[in-house]
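The tour goes stop by stop.

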Amino acid sequence: MYGRRFGIFIAIYLVSVFLALPDNAYAMHIMEGFLPVQWCVFWFALTIPFLIVGLWSIQKTIKHNPSLKMMLGLAGAFAFVLSALKIPSVTGSCSHPTGVGLGAVLFGPWAMSVLGCIVLIFQAILLAHGGLSTLGANTFSMAVVGPFVAYAVYKACQKSGAPLGLSVFLAAALGDLLTYVTTSLQLALAFPAETGGVVASFVKFMGVFAFTQVPLAVSEGLLTVVVFNFLAAYNKRELQELSVLPGEVRA
């Protein structure tokens, strides 16, 4: 028991040290008031079903194994810390890690949609990072698309026999990248270019994001593997209960 708690503590410490890094207060997800009202409503409506199913998924997990609450908190803390590291990239948004890959691998994409939404609410209120009016759009890109891509990549890699570390790395990195593909699409739909429309605007946003987001995605993948390895070393039983690691769970 002590070893498992120590492992989670070390993992939280590893991501918490990133809080010491400087950031700019004006850099955000899609910022408050930036999207037209109709798009804010659209993304809220699209996101709500995922949150409902996600709440049910978390409730089911905690009911069957209350001891997983701390690890669930770790997944949320990991996403909060990483996604708070803001690198200005383009007017109205920014580049930053997302941190959703770890939670998607551990608890599945449905649960991570709720954790990601909570993270975005706290960031919008406490850090002026993102906004409440754009919460639906930011949640859909970071807490819906990102986790579902990460989970799908992880499962595909495992079925193909890829090493566990490589599976986690690709899941976290591609989940991060697809988040920004989605953000670029959201901005392009709201602000199509005068020449070329949505497609031209999408290519423009993607091109600007790529300069910072590709190296960030690689870095996030590597950090996620480090944290995952700590959990595998000190919390093997919990990962087996979540069916993340193979093996039987001893009573």
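## Stop one: the tail

Begin with Ser 243, which sits in the segment after H9. Helices (H or I, at least four residues) and strands (E, at least two) are DSSP runs, numbered from the N terminus. The phi of Ser 243 is near 65°, a positive value in a residue other than glycine. Ser 243 is exposed, at 56% relative accessible area. The terms work like this: buried means under 20% relative accessible area, exposed over 50%, and partly exposed in between (1.4 Å probe, protein chains only).

Before going on, note that this is a predicted model: local features need pLDDT of at least 70, side-chain atom pairs count only at pLDDT 80 or more, and totals for chains, interfaces and linings use all residues. Residues are numbered from 1 along each chain as its sequence is written, and side-chain values use heavy atoms, with hydrogens and water left out.

## Stop two: helix H9

Select residues 236-241, helix H9. Which side chains meet in a salt bridge here? They are Arg 237 and Glu 241, at 3.3 Å, N to O. A salt bridge is a side-chain nitrogen of Lys or Arg within 4 Å of a carboxyl oxygen of Asp or Glu. By this rule the count comes to one. The two partners are four residues apart, about one turn of the helix. Arg 237 is partly exposed at 34% relative accessible area. Glu 241 is also partly exposed, at 28%.

## Stop three: the whole fold

Zoom out. The protein has nine helices and two strands. Along the sequence they follow the pattern α-α-α-β-β-α-α-α-α-α-α. Buried residues make up 50% of the 251 residues. Now look at contacts (heavy atoms within 4.5 Å). Of those with a separation of 6 or more, 76% join residues 24 or more positions apart.

## Stop four: the largest core

A nonpolar core is a set of buried Ala, Val, Leu, Ile, Met, Phe, Trp, Tyr and Cys residues joined through side-chain atoms within 4.5 Å. The largest one has 40 residues. Select Leu 106, Phe 107, Phe 228, Leu 231, Leu 239 and Val 244, which touch the most other members. Helices H2 (37-64), H3, H4 (100-107), H5 (109-126), H6 (135-159), H7 (164-190) and H8 (197-234) each supply at least two residues of this core.

Centre on Leu 106. What does Leu 106 touch, not counting residues up to four places away in sequence? The list is Met 71, Phe 228, Leu 231, Leu 239, Leu 242 and Val 244.

A second, separate core has 18 residues, including Ile 30, Val 145, Tyr 180 and Phe 209.

## Stop five: helix H3

Select residues 69-83 for helix H3. H3 has 15 residues and reaches 21 Å from its first C-alpha to its last, close to the 21 Å expected at 1.5 Å a residue. The expected span is 1.5 Å times one less than the number of residues. Buried residues of H3 include Met 71, Leu 72, Leu 74 and Phe 78.

## Stop six: the H5–H6 loop

Go to the loop between H5 and H6 and pick Ala 128. Ala 128 has a positive phi of about 55° although it is not a glycine. At 39% relative accessibility, Ala 128 counts as partly exposed. Leu 127 is found in this loop too, and is partly exposed at 33%.
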